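Good morning. I will go through one structure, part by part, and then take questions.

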Amino acid sequence: MSGNAKLRRSVMFQAVLLVVLMLASSNAPVGDAIWLNVPPTGTKCVSEEIQSNVVVLSDYVVVSDDHGHVPTISAKVTSPYGNNLHHKENVTHGQFAFTTQEAGNYLACFWTDSHTRGAGEVSVNIEWKTGIAAKDWESVARKEKIEGVELELRKLEGAVEAIHENLLYLRDREAEMRTTSENTNARVAWFSIMSLGICIVVSGSQIWYLKCYFQKKKLI
Amino acid sequence: MERKWRKIWGLIGLLLLNFVNNVSSLSLTITKVECVYKIVRSEGDIVSGNFVVVDHHIFWSSDHPGIDFSIISPGGDILHNLKGTSGDKFSFKAPRSGLYQFCFHNPLSTPETIALYIHIGHIPNEHNLAKNEHVDPINVKIAELREALEAVTTEQKYLKARDAVHRRTNESTKKRVIGYTVGEYILLTIASVLQVVYIRRLFSKSVGYNRI
């Protein structure tokens, strides 16, 4: 069964990767990323709804199963208004960083290139950090010369601020939605009454018109 | 002096490990089966997260079977299995380190969008350190505090996704109300005008030889 073979392959591969990661984990900025399988045809897209003025950092690497041939992918990142933020073809790894100008759905799409097709699905390791997770704590530590427990507490303070901002955002959205709901409620009531009124008006005018017409034709 | 250096290196190592806390919140589109993989570095890490189905089409039927969700450990065991949901939270303690799969299965053919958030929390403890290093209790406390904050963040992401779904439903309701009522008025007017025209036609030709 292909599922079993795939599972075995992924188990073996993650064992190899763990060894590699343990050896290289000293400076690797691996913030624990998501793996996706990019299909041989078609694109695989991930998106996130991001507010404006948020830093987005991302890093993607093609994970190669067999040692000889590393498949290449292409990546494209678009903003909610359609602007192209990052576009690269035929690469095995890449990164992009930007600060969002507008709030909306940011889309990152990956697809395999035409000449490496036929190799099946390509595994891509995507690291996607937004907002507080994308903050460069090492430069903050260097600039302000703090380390250890103080740095950790600074990070926690940043996390608390992010939580606070999120709560305010949720509250504003809830307020907007409440306005919309109440609007819709009022509209349903008004439109139903108006519909009844239009019904009466239309049938009244029908009867009046037909009466005039028959009187004109001297049938009544 | 030696012990102080060892302690400093231990602290730096722990700091680097702490940096490894990860947040990843993404929306995926699922056509049939979609799997997201994540590496859990050490056993005993708490993996928590949530997913919400953001309706792709809000159509007539509310008997959509929902999305099936399953979490598969690196050994192949199915840790969590949900059928027919439109969003849920999950949390488990990783029995071993390795690659975990979070798989979605869409029984229907219309693609669905899912907002997924996974957080892997690691609290340093005595288990996985070398024999001559020991964990500073303040680091453990800081890690626990951070995990509590991350739990709040996880919950917030869930609320945000549900709020987005609710908002879409609301805006769809608003559009439907306006669209259908205006359409109803127009159809009513057209039907009555057609009625009048038809009655006129009945009478105009046949007035000569037939009195209805």
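Which residue in β2(B) is the bridge partner of A:Ile34? The partner is B:Lys38. A word of caution before going on: this is a predicted model.

Strand β1 of chain A, residues 34-38, pairs with β2(B). The two strands run in the antiparallel sense, and the pairing extends over two bridges.

Now the interface of the two chains as a whole. Chain B puts 61 residues into the contact, and chain A puts in 59 residues. Together they bury about 5900 Å², with 64% of that on carbon and sulfur atoms.

There are also polar links. Across this interface there are 17 residue pairs in polar contact, counting pairs with both residues at pLDDT 80 or more. Which parts of chain B supply the residues on its side? The elements giving two or more residues are α1 (2-18), β1 (22-30), β2 (33-40), β7 (98-105) and α2 (137-206) of chain B. Of these, α2(B) gives the most, with 31 residues. Sorted by class, the side of chain B that touches chain A has 29 nonpolar, 19 polar and 13 charged residues.

Next, the charged pairs. Side chains of opposite charge can pair when their charged atoms come close. In the whole structure, over all chains, the search finds ten salt bridges. How many salt bridges cross the interface of chain B and chain A? The count there is four. In one salt bridge between the chains, the side chain of B:Arg146 meets that of A:Glu152, at 3.0 Å from N to O.

Last, chain A on its own. Chain A is divided into domain 1, residues 32-144, and domain 2, residues 145-219. In their contact, eight residues come from domain 1 of chain A and ten residues from domain 2 of chain A. The C-alpha centres of these two domains lie 36 Å apart.

The area buried between domain 1 and domain 2 of chain A is about 830 Å², and carbon and sulfur atoms give 59% of it. Which three residues supply more than any other three to the area that domain 1 of chain A buries against domain 2 of chain A? They are A:Gln51, A:Trp137 and A:Glu144, and they supply 58% of that area.

Between these domains the count is one salt bridge. The side chains of A:Glu144 and A:Arg154 meet in a salt bridge, at 2.9 Å from N to O. By class, the side of domain 1 of chain A that touches domain 2 of chain A has four nonpolar, one polar and three charged residues.

That is the end of the talk. Questions, please.

Methods: Residues are numbered from 1 along each chain as its sequence is written. Chains are lettered from A and ligands numbered from 1 in the order in which they are written. This is a predicted model: local features need pLDDT of at least 70, side-chain atom pairs count only at pLDDT 80 or more; totals for chains, interfaces and linings use all residues. Side-chain values use heavy atoms; hydrogens and water are left out. Domain bounds come from an automatic or database domain assignment. Contact means heavy atoms within 4.5 Å. Buried area is the accessible area (1.4 Å probe) that two parts lose on being put together, summed over both. Ala, Val, Leu, Ile, Met, Phe, Trp, Tyr, Cys and Pro count as nonpolar, Asp, Glu, Lys and Arg as charged, and the others, Gly among them, as polar. A polar contact is a pair of N or O atoms within 3.5 Å; within protein, one must be able to donate a hydrogen and the other to accept it, and residues adjacent in sequence count only if both atoms are side-chain atoms. Helices (H or I, at least four residues) and strands (E, at least two) are DSSP runs, numbered from the N terminus. Two strands pair if DSSP finds at least two bridges between them.
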